[in-house]
Amino acid sequence: MQITYYGQSCFQVNIGGYNILFDPYITPNPLAKEIDITKIEADYILLSHAHQDHIYDAEAIAKNTGATIIGIWEIHAWFEQKGVKTHPMNIGGKWPFEFGTVIMTPAIHSSSFQDGSYGGNPAGFVIENDEHTFYYSGDTALFSDMKLIGEMYKPEFAFLPIGDNFTMGIKEAVMASRFVGVKKIIGMHFDTFPYIQIDHKEAMMIASFNEAELILPEIGKPFEI
Ligand code: NI
Ligand code: MN
């Protein structure tokens, strides 16, 4: 499975012959200034919650590509009004898309649009098809119900925030990886803003000391998992 990181919590994952894009926040991110959003291919855009650092480029990319936005009811309603194709979900539900099944999972965080309107609850996603299963937690605190995600869906790896302050930090992400039963953590939500700048070496050390494998993805450079 090929994955490309576009900064903050944005990843493109090629799964089942489709490109799915998570939480696009690219054009305002100086770390992602090399990325041209008009070149990004997406069939589906999955949005974990309504904060700007997760949805900023969603409308533009959806309009460029004709992608369908998948999000909680309130996010669907917002983007539908903008003339974008959407698929509404809510926490605990699943739907079989052409690339695989999406399960919407809880997240402990907040969610509002930039203008203050209600964004619904924040969420995460499990994606599963015949070949792969993975967990994308969205912005969240560590919570023990992540164990249910491990028991129910048995992901192979997880995208987890590691930047601390607004979300889990690396120590909590290591515990989260145990809860969901994965060794491999793809780090996200780090370095974009001063509040979430991390020491890469220290994060790698904490992960390896705890027998977790932390991947700190490079922006714009595809990798295989
Ligand atoms: Ni957030
Ligand atoms: Mn965020």
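Before you click, note that the model is predicted, so local features need pLDDT of at least 70 and side-chain atom pairs pLDDT 80 or more, while totals for chains, interfaces and linings use all residues. Residues are numbered from 1 along each chain as its sequence is written, chains are lettered from A and ligands numbered from 1 in the order written, and side-chain values use heavy atoms, leaving out hydrogens and water.

**Stop 1: the metals**

Select the nickel ion (ligand 1). Its protein donors are H49 (NE2), H51 (ND1), H109 (NE2) and D139 (OD), 2.2 to 2.4 Å away. Donors here are N, O and S atoms within 2.8 Å of the metal (3.2 Å for Na, K and Ca), and with water not among the atoms, sites may look incomplete. Along the chain, the donors of the nickel ion are spaced H-x1-H-x57-H-x29-D.

Now check the angles: the 4 donor atoms subtend 86 to 178°, which makes the arrangement irregular. For reference, four donors are tetrahedral if all angles lie between 85 and 135 degrees; four are square planar and six octahedral if opposite donors are over 155 degrees apart and all others between 65 and 115; anything else is irregular.

D139 bridges it and the nickel ion (ligand 1), and the two ions lie 3.0 Å apart. H49 sits in the loop between β4 (44-46) and α1 (52-55), and H109 in the loop between β8 and β9 (123-128), so this pair ties together parts 60 residues apart in sequence. Helices (H or I, at least four residues) and strands (E, at least two) are DSSP runs, numbered from the N terminus.

Colour by accessibility next. H49 counts as buried at 1% relative accessibility, whereas H109, at 25%, counts as partly exposed. The cut-offs are under 20% relative accessible area for buried, over 50% for exposed and partly exposed in between (1.4 Å probe, protein chains only).

**Stop 2: the sheet**

Strands pair if DSSP finds at least two bridges between them.

Zoom in on β7 and β8 (residues 100-106). They run antiparallel, joined by 4 bridges, and a hairpin of 2 residues connects them. W95 stands opposite V102, and P96 has T101 as its bridge partner. On to β9, which pairs with β8 in the antiparallel sense over 6 bridges; there T101 stands opposite E128. Of the 7 residues of β8, 6 are buried, so the strand is largely enclosed by the rest of the structure.

**Stop 3**

Select α5 (residues 170-180). Contact means heavy atoms within 4.5 Å; axes are lines fitted to C-alpha atoms, for helices over the stretch in contact, with angles from 0 to 180 degrees between N-to-C directions.

Finish with α4 (residues 146-153), whose axis comes within 6 Å of that of α5, crossing at roughly 35°. Show M146, K147, I149 and G150 of α4 with A176, F179 and V180 of α5: they make the contact.
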